[in-house]
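Here is a briefing on one protein structure. It covers the sheets, the helices packed on them, and the nonpolar cores.

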Amino acid sequence: MDKLKFCLIGCGRIAERHFEAIKLIEKAEIIGICDIDKDKLQGASERYKISKTYLDHKDMLEELKPDAVIICTPSGLHSEMGVYAAKRKIHVITEKPMSITLKQADALIDACMLNGVELFVVKQNRLNQPVQMLKNAIEKNRFGKLFSINATIRWSRPQSYYDMSKWRGTWKFDGGAFLNQASHYFDLLYWLMGPVESVMAMTATLNHTIEAEDIGVGLLKFRNGCLGNIEATMNIFPRNLEGSITVMGESGTAKIGGVAVNKIEHWEFKDYDDDDRNIDRMSTVPPNVYGYGHTGFYVNVTGVLQGRAVPRMEGKEGRHSLEIILAMYKSAKTGKQVCLPLE
């Protein structure tokens with residue numbers, strides 16, 4: 001079978017994860033890259049030995065006609081670029097969040113459906129081995145009645161991080177701690193507990209010169225009766241401290257922690273299960289908060305596009321976490337409880 005041909009738009013911070021992951025996939029290759037920043041474009045071209053470079057993504061897609069496009073641009077551009085690709089029968093892979101409004105998300109989902117192409121939203125933390133164990137424990141009903149779930153994202157982002165690019169921390173292209181950095185954790189809350197009934201939230205900008213928030217706290221009520229809470233801050237001194245998920249039930253308590261839900265910190269259940277023998281070897285030490293999940297993500301993507309697998313993280317899954325985050329923002333703005341689904 002011929003190699004799948006990918007193009008990538010946006011050669012910034014997150015693109016490295018995609019370059020490195022696809023290098024490990026035998027039946028996939030990146031044939032062209034695009035960025036409006038000539039220095040970033042040249043740097044990526046030289047580092048990853050990709051000769052086809054473009055300043056305009058439309059020129060790249062029209063000329064190279066890849067099987068799929070990887071969108072690593074600011075969040076506010078994901079939908080527009082994805083719709084353009086879908087209309088040309090090109091499969092779409094977009095970084096989180098898939099957009100910054102539900103209208104944009106729905107436009108992208110609809111465009112991919114109408115044109116018969118796949119839409120993948122990167123949610124690589126679902127593939128972390130400790131998170132997979134936690135999901136299995138919930139599905140096996142090891143917790144019994146579920147009581148609560150907590151997500152904690154205590155990271156550090158200096159002002160220089162936001163000053164690197166004008167779009168960072170803006171409402172038009174990025175959002176703040178909730179929409180950008182905590183997006184994966186909202187996804188895990190939904191994936192582990194199911195649909196959300198209502199939320200309440202407070203946000204603030206305390207330590208950075210940006211439009212959006214650098215800290216947010218929120219409460220969630222799930223349709224299964226479980227309560228949840230989330231804390232997301234970019235103000236930790238002096239470095240990233242924690243990225244964790246804790247689940248509590250009548251017959252079990254588990255916490256997946258580390259800096260990127262990569263380590264089993266607590267695992268205790270009333271009844272034994274053979275999964276418990278794997279605790280010690282499930283924890284990892286990733287080099288950054290992105291973890292190792294991008295490789296597993298692309299194993300699934302290539303399998304789907306070659307007709308060997310079913311999608312694990314399709315477009316509609318990305319919409320769920322976006323809706324929860326936007327409900328949080330609405331609550332923070334109005335000071336009121338907000339019910340889902342949003343109108």
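Thr-203 stands opposite Gly-216 in β9. This is a predicted model, in which local features need pLDDT of at least 70, side-chain atom pairs count only at pLDDT 80 or more, and totals for chains, interfaces and linings use all residues. Residues are numbered from 1 along each chain as its sequence is written, and side-chain values use heavy atoms, with hydrogens and water left out.

**Mixed sheet**

- Strand β8 (residues 196–204) runs antiparallel to strand β9 (residues 215–222), and 8 bridges join them. Strands (E, at least two residues) and helices (H or I, at least four) are DSSP runs, numbered from the N terminus.
- The open sheet has 8 strands, ordered β13-β12-β11-β7-β10-β9-β8-β14, with mixed pairing. Two strands pair if DSSP finds at least two bridges between them.
- β13 (263–269) and β14 (338–339) each have a single partner strand, so one side of each is left without a neighbour in the sheet.

**Helices on this sheet**

- Helix α6 (residues 129–139) lies across β7 (146–154), β11 (242–249), β12 (252–257) and β13. It runs at about 20 degrees to β13. Axes are lines fitted to C-alpha atoms, for helices over the stretch in contact, and angles run from 0 to 180 degrees between N-to-C directions.
- Helix α12 (residues 315–334) touches β8, β9, β10 (227–233) and β14. Its direction makes about 55 degrees with that of β8. Contact means heavy atoms within 4.5 Å.

**Parallel sheet**

- Another open sheet has 6 strands in the order β3-β2-β1-β4-β5-β6, and the pairing is parallel.
- Its edge strands, β3 (53–54) and β6 (119–121), pair on one side only.
- Strand β5 (residues 91–94) is joined to β6 by 3 bridges. Val-92 has Leu-119 in β6 as its bridge partner.

**Nonpolar cores**

- The largest nonpolar core holds 83 residues, and Ile-230 and Ile-245 touch the most other members. Such a core is a set of buried Ala, Val, Leu, Ile, Met, Phe, Trp, Tyr and Cys residues joined through side-chain atoms within 4.5 Å.
- Helix α9 (residues 183–193) gives this core its largest share, 8 residues.
- Apart from this core lies another of 30 residues, including Ala-21, Tyr-48, Ala-68 and Ile-70.
- Beyond four places in sequence, the contacts of Ile-230 include Phe-178, Tyr-185, Phe-186, Leu-189 and Met-328.

**Helix α9**

- 11 of the 11 residues of α9 are buried, so this helix is largely enclosed by the rest of the structure. Buried means under 20% relative accessible area, exposed over 50%, and partly exposed in between (1.4 Å probe, protein chains only).
- Among the buried residues are His-184, Asp-187 and Trp-191.
- Gly-194 follows α9 and has a positive phi, near 95 degrees.
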